[in-house]
Amino acid sequence: MNEKNFEYLKDQIKYTGFGEALENELKEKMQQQTPSFTLNHDAHYGNDIAVATLNFKKSDQSDMYFFNSYKVDLQKDNSKESLEQTFYINKGSNITMKEAYNLMEGRAVNKDLTSKEGQVYNSWVQIDFKESDTSGNFKLNQYHQNYGYDLESALSKHPIKELENAKFKEDLMDSLKKGNLQSATFLQDGKEVKHYIEANPQFKTINAYDVNLKRIDNRQTKEEKQSEGQSTAMKQDNKRQSQSSDDDGPAAPQEAKKRKKKQSNSM
């Protein structure tokens with residue numbers, strides 16, 4: 001058995017999201033020197049069960065094995081039929097097991113990918129369940145940098161409390177880039193409301209859901225943002241009027257009334 005090859009494959013398996021539990025079985029399969037072999041890995045996401053089959057093939061010219069792909073069979077808790085998708089191992093950043101699950105859930109993942117020419121590029125990836133290839137694998141749509149999706153800009157259009165803290169904002173964006181359905185705190189009518197959000201590169205926005213995972217209309221969240229902005233503006237205006245009252249003495253309230261009346265007439 002090629003020890004360097006074993007160490008390389010062991011790390012490759014680990015960093016593709018399958019942990020270290022497959023090490024002994026990997027070594028046993030490599031020692032057998034068969035032309036190809038598979039390893040199995042089970043993962044649970046809530047009540048969903050994902051079974052991954054990792055595919056390895058031996059080189060025709062040497063004793064080296066290559067981790068070529070893994071197939072995921074996803075059995076959702078609320079569905080009788082399972083969903084299958086094969087993910088291929090590339091030279092660059094591979095799609096991890098958790099990211100594969102997120103993709104099969106319909107969400108988008110942001111990855112640094114490598115082209116056939118060896119060039120590294122960044123792209124959002126999302127499964128197109130309406131189109132499949134000859135092997136039955138669903139097509140992967142890519143939304144490259146030139147497509148113009150700006151996650152930070154899309155988030156800024158919503159009244160999300162975590163955006164006010166640099167660390168929380170960074171963590172939120174990193175989670176969304178991995179394809180997670182992430183909880184976020186929305187500021188609504190002066191109250192904090194828990195929602196769930198996901199990236200939507202195709203339409204250059206984010207999707208928001210309530211605690212029951214019911215989709216919230218984007219117009220609704222924009223109205224929340226506008227309402228929060230108006231509330232902040234009113235507080236600032238009231239503060240300015242209060243300061244003006246302190247400076248101007250007894251005559252200030254009457255002047256404030258006149259200003260308010262003029263504003264009312266101009267509306």
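The buried residues of H3 are Met-97, Glu-99, Ala-100, Tyr-101, Asn-102, Leu-103 and Met-104. Buried here means under 20% relative accessible area, exposed means over 50%, and partly exposed lies in between, with a 1.4 Å probe and protein chains only. Helix and strand labels follow DSSP runs numbered from the N terminus (helices are H or I with at least four residues, strands are E with at least two). H3 is thus mostly covered, with seven of its eight residues buried. Just after H3, Gly-106 has a positive phi of about 100°.

The model is predicted: local features need pLDDT of at least 70, side-chain atom pairs count only at pLDDT 80 or more, and totals for chains, interfaces and linings use all residues. Residues are numbered from 1 along each chain as its sequence is written, and side-chain values use heavy atoms, with hydrogens and water left out.

The chain contains seven helices and eleven strands. Of its 267 residues, 35% are buried. A contact is defined by heavy atoms within 4.5 Å; among contacts between residues at least 6 apart in sequence, 40% join residues at least 24 apart.

In soluble globular proteins, nonpolar side chains tend to be buried together. A nonpolar core is defined as a set of buried Ala, Val, Leu, Ile, Met, Phe, Trp, Tyr and Cys residues joined through side-chain atoms within 4.5 Å. The largest such core holds 32 residues, and Leu-54 and Tyr-70 have the most contacts inside it. Helices H1 (3-18), H2 (23-32) and H3 (97-104) each give two or more residues to this core, as do strands S1 (36-45), S2 (48-58), S3 (65-75), S5 (109-114) and S6 (120-132).

Strands count as paired if DSSP finds at least two bridges between them. S2 and S3 are antiparallel and share ten bridges. They form a hairpin with six residues between the strands, and Phe-56 has Phe-67 of S3 as its bridge partner. S3 also pairs in the antiparallel sense with S4 (residues 83-88), over six bridges; here Asp-73 stands opposite Glu-84 in S4.

Another set of strands forms an open sheet of four, in the order S8-S9-S10-S11, with antiparallel pairing. S8 and S11 (215-216) are its edge strands, each pairing on one side only. S10 (residues 205-209) and S11 are joined by two bridges, and Tyr-209 has Arg-215 of S11 as a bridge partner.

Helix H5 (residues 166-177) has twelve residues, so at 1.5 Å a residue it should span 16 Å, and the 17 Å between its end C-alpha atoms agrees with that. The expected span is 1.5 Å times one less than the number of residues in the helix. In H5, Leu-172, Met-173, Ser-175 and Leu-176 are buried. These residues lie on the same side of H5, because they cover an arc of only 160° around the axis; the arc is taken over the directions from the helix axis to the C-beta atoms. The cover over the buried residues of H5 includes S6, H4 (151-156), S8 (182-188) and S9 (191-200).

Both ends of H5 can be described. After H5 comes Gly-179, with a positive phi near 90°.
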